[in-house]
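Welcome, and thank you for opening the structure in your viewer.

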Amino acid sequence: MTAIKLYEEFILSIKEGDEEVIYLQGRPFIIAPATEDDVERIGKGYFCMD
């Protein structure tokens, strides 16, 4: 299994209302499921990983 697939499975397992921290090249990122309001507030459209 690739690292990308592992991250994808991890991200998809995060429940609504929860947040997780992941590190990419030593930089922390907060990951949480987005709501429609979050997407509208950020205003950068949708990103799909199919």
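## A tour, stop by stop

Start by selecting Tyr7, which sits in helix H1. Keep in mind as you look around that this is a predicted model. Is Tyr7 buried, partly exposed or exposed? Tyr7 counts as partly exposed, because its relative accessibility is 33%, and the partly exposed class lies between under 20% for buried and over 50% for exposed.

**The whole chain.** Now zoom out and show the chain as a cartoon. Colour by confidence next: the mean pLDDT of the chain is 86, and 86% of the residues score at least 70. Which elements mark the two ends of the confidence range? Strand E2, residues 27–31, has the highest mean pLDDT at 95, while helix H2, residues 36–42, has the lowest at 81.

The accessible surface of the chain amounts to about 4800 Å², and carbon and sulfur atoms hold 56% of that. Of the 50 residues in the chain, 8% are buried. As for contacts with a separation of 6 or more, 6% of them link residues 24 or more positions apart.

**The nonpolar patch.** Keep the surface on and select Tyr7, Phe10, Ile11, Leu24 and Phe29. Together these residues make a nonpolar surface patch of about 380 Å². Which element gives the most to the patch? Helix H1, residues 3–12, does, with three residues.

Leu24 belongs to strand E1, residues 20–24, and is partly exposed because its relative accessible area is 39%. Leaving out residues up to four places away in sequence, Leu24 touches Tyr7 and Phe29, and both of those are patch members too.

**The strand pair.** Hide the surface and select E1 and E2. These strands run antiparallel and are joined by five bridges. To see how they line up, pick Val21, which stands opposite Ile30 in E2. Then return to Leu24, whose opposite number in E2 is Arg27.

While you are in E2, click on Pro28, which lies in this strand. Pro28 counts as exposed because its relative accessibility is 51%, and the exposed class begins over 50%. Setting aside neighbours within four places in sequence, which residues does Pro28 contact? They are Val21, Ile22 and Tyr23.

**The turn of the hairpin.** Follow E1 to its end and select Gln25, in the loop between E1 and E2. The hairpin has two residues between its strands, and Gln25 takes a positive phi near 50 degrees there. Most residues other than glycine have a negative phi. Gln25 is also exposed, because its relative accessible area is 84%.

Go to helix H1 and select Lys5 and Glu8. Their side chains meet in a salt bridge, with 3.5 Å from N to O. Lys5 and Glu8 are separated by about one helical turn, because they are three residues apart in helix H1. Lys5 is partly exposed, because its relative accessible area is 36%.

Asp38 and Arg41 are three residues apart in helix H2, so about one helical turn separates them. Asp38 is partly exposed, because its relative accessible area is 24%.

Methods:
Residues are numbered from 1 along each chain as its sequence is written. This is a predicted model: local features need pLDDT of at least 70, side-chain atom pairs count only at pLDDT 80 or more; totals for chains, interfaces and linings use all residues. Side-chain values use heavy atoms; hydrogens and water are left out. pLDDT is the predictor's confidence in each residue, from 0 to 100. Helices (H or I, at least four residues) and strands (E, at least two) are DSSP runs, numbered from the N terminus. Patches are made of residues with over 30% relative accessible area and no salt bridge: like charges are joined within 9 Å, nonpolar side chains (Val, Leu, Ile, Met, Phe, Trp, Tyr) within 5 Å. Accessible areas come from the Shrake-Rupley method with a 1.4 Å probe; for residues, only the protein chains shown count as cover. A salt bridge is a side-chain nitrogen of Lys or Arg within 4 Å of a carboxyl oxygen of Asp or Glu. Buried means under 20% relative accessible area, exposed over 50%, partly exposed in between (1.4 Å probe, protein chains only). Contact means heavy atoms within 4.5 Å. Two strands pair if DSSP finds at least two bridges between them.
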